[in-house]
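Some words used for protein structures have cut-offs behind them. Take a look at the structure below before reading how those words are applied.

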Amino acid sequence: MTSFQDFGLADPISRALKEENYLTPTPIQAQTIPIALTGRDIVGIAQTGTGKTASFALPILHRLLQARTRPQPKHCRVLVLSPTRELSGQILDSFNAYGRHMRLTSALAIGGVPMGRQVRSVMQGVEVMVATPGRLLDLVQGNALKLNQVEYLVLDEADRMLDMGFINDIRKIIAKLPKTRQTLFFSATMPKDIADLAEQMLRDPARVAVTPVASTVDRIEQRVIQVDHSAKPALLAQLLKQEQVNRALIFTRTKHGADKVVKGLVKAGIPADAIHGNKSQNHRERVLAAFRSGQIRTLVATDIAARGIDVDGISHVVNFDLPNIPETYVHRIGRTARAGADGVAISLCAGPDEHSYLRDIERLIRITLPKEDRRTPGHRDTGPVPQQHRMGRGKPHHGHAGRPQHDAAPGAQGPRRRRKQAGHQGQHGQPNRHEPARPSQSGKGDGIQGVAFLRRDSRPARPNRNRNSQS
Ligand code: AMP
């Protein structure tokens, strides 16, 4: 088995890893680090929770140490782009942790906080800059930062960045970078639009991939409870009281929905708080810290806000609303059962829309989930999930004012909407844009190692293999 010693990482990094208690590289690290150390571009398929941050941070830090130069004022040597503020903060923390014995200089550029401090933090130049694309462009356009000396570029969660409408910002940023650089590109999925972007940005990349989505899913005890919409809040409170909850992450599709769930829980005597795009950065940080420390055990979040939350010990994920993009289900439940632990994922499924989402999810994960029926007999449940969210799949609802309230992100509505419609097409036998790219079977020099990809195909779902089957 590979060990961190085998990589020959510089001593200050090895020491930091020991202090972090990292003994064995994760599969993505074992695949990525040796190649990245050679300076080659990499395109990686890996999700958060697989250890991918270290897989790009460690080789970059090693290479920085090997050719240590002082960054020029207003310049950076490493640029990491990530979709959300939380994930960016966590990536920066990781760089600083692994680089703690090398006097690393680093800075964060994220939206939602005043620019002044960020401008000052790059004034002298930094080695590592971690940023969300919009704020980075603000800094560049305000002449606070120049990108012409970037030697290493990382794109993390590229699929999510595209989903959030960052594609134009990313293109503008790339245009300002030197052509000679090392680029490490990571995405949880590799539909065609992401593969095209990678193709444009990378030179002769090695391909690495880990964690077929389904195998992550296998470790999680998944249950579905069929329920009437109106009964969801009471059921959630009841579940949280019944279950042995260490930490629970509750997902809603909307920001408003998240706030409503929090109110309901607090009323039921369960301390809870929400993070979503309408909350201030301060609030988000405070709530996350409270969740991490165990001060609050129940956190309610929208998908975008939850993306990149790096909290271990989440025993339960509850889908208060089922997501209409099946991959989102996998991302959500992957917040539990991390670092080899087991986890429970409970989905509350109401009405015909959510039942149709559930079918898509089961097709994707190829598991028939155990279902418990708590619907009122004879009650015909057709709503009321906020109507503005009903535009991707199933029958579109018309005549409702208001834009979809996806979590705050520039241009979030457009691309996500297009993708959902594309997904809908896929159900009817058309090529589905969201289908992960198949790996090359040739194995000849394309650098793919140990690849296992999830297929979304029309094969029947596997019979339930969950431990606590209830159906
Ligand atoms: P990531 O996928 O980068 O968000 O990492 C997920 C979690 O795994 C983080 O808490 C890391 O600190 C932790 N981690 C990453 N690599 C290792 C490793 N080789 N050994 C132990 N923990 C790790």
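The questions and answers below concern this predicted model.

Q: Why is His283 called buried?
A: Buried means under 20% relative accessible area. His283 has 13% relative accessibility, so His283 counts as buried. His283 is part of helix α13, residues 281-293. Apart from neighbours within four places in sequence, His283 is in contact with Asp273 and Ala274.

Q: Why is Gly116 called partly exposed?
A: The term covers values between the limits for buried, under 20%, and exposed, over 50%. Gly116 has 33% relative accessibility and therefore counts as partly exposed. Gly116 sits in helix α5, residues 115-123.

Q: What makes Arg103 count as exposed?
A: Exposed means over 50% relative accessible area. Arg103 has 76% relative accessibility, so Arg103 counts as exposed. Arg103 belongs to the loop between α4 (85-98) and β3 (106-109). Arg103 is not a glycine, yet its phi is positive, about 50°.

Q: Is Asn21 buried or exposed, and how do you know?
A: The limit for exposed is over 50%. The relative accessible area of Asn21 is 59%, so Asn21 is exposed. Its place is the loop between α1 (11-20) and α2. Asn21 is a residue other than glycine with a positive phi, near 70°.

Q: What makes helix α2 mostly covered?
A: Of the 11 residues in helix α2 (residues 27-37), 8 are buried. Among them are Ile28, Gln29, Ile33 and Leu37. The cover over the buried residues of α2 includes β1 (42-45), α3 (52-66), β6 (182-187) and β7 (206-209). Just after α2, Gly39 has a positive phi of about 95°.

Q: What classes of residue make up the shell around the ligand?
A: The shell has 3 nonpolar, 8 polar and 3 charged residues. Of the 14 residues around the ligand, those that come nearest are Tyr22, Gln29, Gly49, Gly51 and Thr53.

Q: What makes a set of residues a nonpolar core?
A: The residues must be buried, of nonpolar types, and joined through side-chain atoms within 4.5 Å. The largest nonpolar core has 39 residues, and Leu79, Met129, Leu136, Leu147 and Phe185 have the most contacts inside it. A second, separate core has 38 residues, including Leu64, Phe95, Tyr152 and Val210. In soluble globular proteins, nonpolar side chains tend to be buried together.

Q: How much of the chain is buried?
A: Of the 471 residues in the chain, 58% are buried. The chain has 17 helices and 14 strands.

How values were computed
Residues are numbered from 1 along each chain as its sequence is written. This is a predicted model: local features need pLDDT of at least 70, side-chain atom pairs count only at pLDDT 80 or more; totals for chains, interfaces and linings use all residues. Side-chain values use heavy atoms; hydrogens and water are left out. A residue is near a molecule or strand if one of its heavy atoms lies within 4 Å of it. Ala, Val, Leu, Ile, Met, Phe, Trp, Tyr, Cys and Pro count as nonpolar, Asp, Glu, Lys and Arg as charged, and the others, Gly among them, as polar. Buried means under 20% relative accessible area, exposed over 50%, partly exposed in between (1.4 Å probe, protein chains only). Helices (H or I, at least four residues) and strands (E, at least two) are DSSP runs, numbered from the N terminus. Contact means heavy atoms within 4.5 Å.
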